[in-house]
Amino acid sequence: MRLRILDSGHGFATKVLFALIQTVSRQPVLDVVKLVKYRADFYGNPMGAVTQEAMRGQSSWSVGDRELMAAFVAKTNQCDFCIKAHSAVAQQAYGKDKDVYAMLSDPDLGMVEEPLRATLLMLGKLTREHSVDANDMREVLGAGASAQQIEDALAVCFAFNVIGRLADAFGFSVPGSEAFNAGAKYLLTRGYR
Amino acid sequence: MSNVKQARAALVTRILEGPGKTTPSERRAAFNNSGVRKPLATLVDKVATHSSTITDADLAVPKASGVGEDQAFEIVVCAAIGQAIRQYEAALSALEATAR
């Protein structure tokens with residue numbers, strides 16, 4: 001990472017935790033974990049509360065749908081770390097019925113059912129252009145999404161427009177798929193806090 | 001998701017008004033991507049508008065100008081959250097406009 005403090009500036013107890021994670025998972029500690037554990041009162045703890053609520057709080061979107069939104073926002077931002085991390089979580093959440101990687105490979109999202117497809121396309125425009133208008137929202141509503149579903153999707157989009165920027169700025173290293181699969185398993189069982 | 005707005009507001013209050021290694025006004029400038037002092041202005045703008053193009057040099061320049069790592073950490077976090085908030089609020093306004 002581009003800031004040494006994020007790699008090795010943690011307190012003793014956190015370093016012990018990292019050693020434990022590495023021993024149990026047999027994988028390197030992901031840079032996103034190092035980020036949220038550094039001066040956690042400043043960013044990690046309050047952002048963790050936001051992300052937990054957006055990704056695991058009450059919503060009519062499934063966990064898999066919300067993880068797919070995270071991966072799609074990451075793809076729009078060209079954030080390699082976040083694409084791999086959240087594609088892995090979405091795939092584990094959906095199971096074998098859906099192929100997340102194939103879904104994301106089509107720019108038109110032809111394999112995604114409505115109203116999730118229209119919602120994703122709106123999130124992509126918002127992420128790419130930093131703004132959307134009422135006509136964009138009418139398209140999503142017309143595809144069958146409720147106003148509450150759109151608000152819930154925007155909460156996901158907010159979280160990953162923060163995290164993706166930090167991954168890019170701090171230079172997260174991108175490990176192999178085994179590390180992301182281990183991280184995905186953790187996020188599905190323990191969440192984001 | 002009734003709690004997410006409260007959590008987001010608490011996050012913004014913490015990063016802008018809580019204790020830190022930078023002043024609240026420096027953090028507010030990064031959050032707004034406006035009025036950022038020179039060694040950090042390019043980095044903040046890149047975080048906000050095209051973060052995938054950030055390179056090692058974008059962090060090295062402010063550090064060489066005396067910006068500490070903790071200061072850079074706080075400024076980057078504020079810049080990222082500020083831009084994401086602006087996007088979120090623009091989208092929410094667009095959604096609310098459909099009801100008028």
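A residue is called buried here if 20 or more other C-beta atoms lie within 10 Å of its own, exposed if 12 or fewer do, and partly exposed in between, with C-beta atoms placed from the backbone. The structure is a predicted model, in which local features need pLDDT of at least 70 and side-chain atom pairs count only at pLDDT 80 or more, while totals for chains, interfaces and linings use all residues. Residues are numbered from 1 along each chain as its sequence is written, and chains are lettered from A and ligands numbered from 1 in the order in which they are written.

Just after α10(A) comes Gly171(A), with a positive phi of about 70°.

Elsewhere in chain A, Phe18(A) sits in helix α2, residues 12-25. Phe18(A) counts as partly exposed because it has 17 C-beta neighbours inside 10 Å.

Turning to the meeting of the two chains, the contact (C-beta atoms, placed from the backbone, within 7 Å) takes 41 residues from chain A and 36 residues from chain B. On the side of chain B that touches chain A, two or more residues come from each of α1 (4-17), α4 (56-64) and α5 (69-97) of chain B. Of these, α5(B) gives the most, with 19 residues.

Note on methods:
Helix = DSSP H or I, 4+ residues; strand = E, 2+ residues; numbered from the N terminus.
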